[in-house]
Amino acid sequence: MAIAKAERLMNLALCLLGTRRPLSKRELRGSIEAYLEAGSDDSFNRMFERDKDDLRELGLVIETVENLDGDTGYLARRDSNRLPPITLDAEEAAALGLAAKVWQQARLAGAASGALQKLRAAGMPEAEDAYEVHSALEPRIPVHEAAFEPLMLACRDRRPVTFDYRKANSARAEQRQVEPWTLECWRGHWYLAGWDRERGAERVFRLSRITGKVRSRAGAFSEEVPDVVTVRETVESWAGETATRTARIRLRAGAGYPLRSRATAVRDRGDGWDELEIPYGHGLDAWLVEFGPDVVVEEPADLRADVVDRLRAVAKD
C-alpha cells in the first residue's frame, strides 16, 4: 500500500510539473493508472484531494486555476518549485522560528512547522529560542476570514482573483476583479492591497467585508507590482488616522469602544449618551456608519451630512 501510494504521488507530481497549462481532474484521471482504477467518481475525488494535500505538505507548490468557463485546473510551475541554495545565520534562523509561532490557524501552523523542519534538514542552524522557556507572552496574529488563505496564495503566485465585496456604506456586495499584491494586519483587521481592474487604480480591501468565495482567474497581471506597497499608510488615511480636524459626536453609553479609544475628550451627558471629541481626517464618515444608531454626529456639519448620506444609501439598498 505504501509503495502504491508513493508511486501514485510521484506520477501526479510528474504530471503537474510536466505540463505547460493547467490540467483538469478529468485529464489527470485519464493519465494516471491508479486513478483509472478508482471505482467511482467519489473515490477518485477523495484520492485526488488527499494526494494533492500530501504533495503540498511535501513542499510542492500546486496552483489551482479557474478558467473563464469555470473549469478548475492544476499545475506545478517549475520556477515556483525550484529553490536556490539556502544559507541562514543564527539571527535569521531565530527570526524564522519566531515567525512560525505567530500563526494561530492549525493549517498555517502545520505549514510553518513543516517549513522549519525542511530548512533544518537543509542545514539551517538551530537557534536558541528566547520565547520557548519562561515566557508569559507569545506572538499571535488572528485570522478569522475565510478569504485570507486563497488571497495569501494568490499574492504569492501572482494570480488575479475575483470576489464579492461590501463597502462600509452599502448593504449589497459588488464583484471586484483584483490583482492582489500583499496582505497586512493593522489594528486587528486584515487588509488586501492590489490593483482594481474595473476602477483602474490601486485599492485596499478589508477582508472582513469580502463575502462568498475568492476565485482565481487565469492570466498574468496587467499592472506592475510596486516595490513598496504602503497598506498601513493607505488604511490610516482612509480610516481618518491622519487627523486634520476634530469632530464632536454623541455616543450611546456602553457602546463604541474603538471610538472611545480615539477620543481626546469624553463627557457624560447624563441621558444615556456621552459626548466625544475625536481627531479625524478623510474617511471617518464610513467608520461612524458602522456603529449605526449608537452614534450621532453633532459637528462639523459636513461630516454629519456625509454620515446621513451613507446611512440613506444603506437604507435604499
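The place of P300 is the loop between β12 (295-299) and α11 (301-316). Keep in mind that this is a predicted model. Select E299 together with P300. A cis peptide bond joins E299 and P300, with omega at about 5°. Most peptide bonds are trans.

Next, select R158. This residue sits in the loop between α7 (148-157) and β4 (161-165). Look at the backbone: phi of R158 is near 55°, a positive value in a residue other than glycine. Most residues other than glycine have a negative phi. Is R158 buried, exposed or partly exposed? R158 has a relative accessible area of 38%, so it counts as partly exposed.

Now go to the open sheet of three strands. Their order is β1-β3-β2, and the pairing is antiparallel. Which strands stand at the edges? They are β1 (23-24) and β2 (63-66). Each has a single partner strand, so one side of each is left without a neighbour in the sheet. Select β2 and β3 (residues 72-75): four bridges join these antiparallel strands. Zoom in on E66, which stands opposite T72 in β3.

For the last stop, select E275 in strand β11 (residues 273-280). E275 counts as buried because its relative accessibility is 13%, and the cut-off for buried is under 20%. Show the side chain of R248 too. A polar contact of 3.3 Å joins the side chains of E275 and R248. Which other residues does E275 touch, leaving aside neighbours within four places in sequence? Besides R248, E275 is in contact with I249, A265, V266, R267, R269 and E298.

Notes: Residues numbered from 1 in each chain as written. Predicted model: local features only at pLDDT ≥ 70, side-chain atom pairs only at ≥ 80, totals over all residues. Heavy atoms only, no water. Helix = DSSP H or I, 4+ residues; strand = E, 2+ residues; numbered from the N terminus. Buried < 20%, exposed > 50% of the residue type's maximum accessible area, 1.4 Å probe, protein only. Pairing = 2+ DSSP bridges. Polar contact = N/O pair within 3.5 Å; in protein donor to acceptor, adjacent residues only side chain to side chain. Contact = heavy atoms within 4.5 Å.
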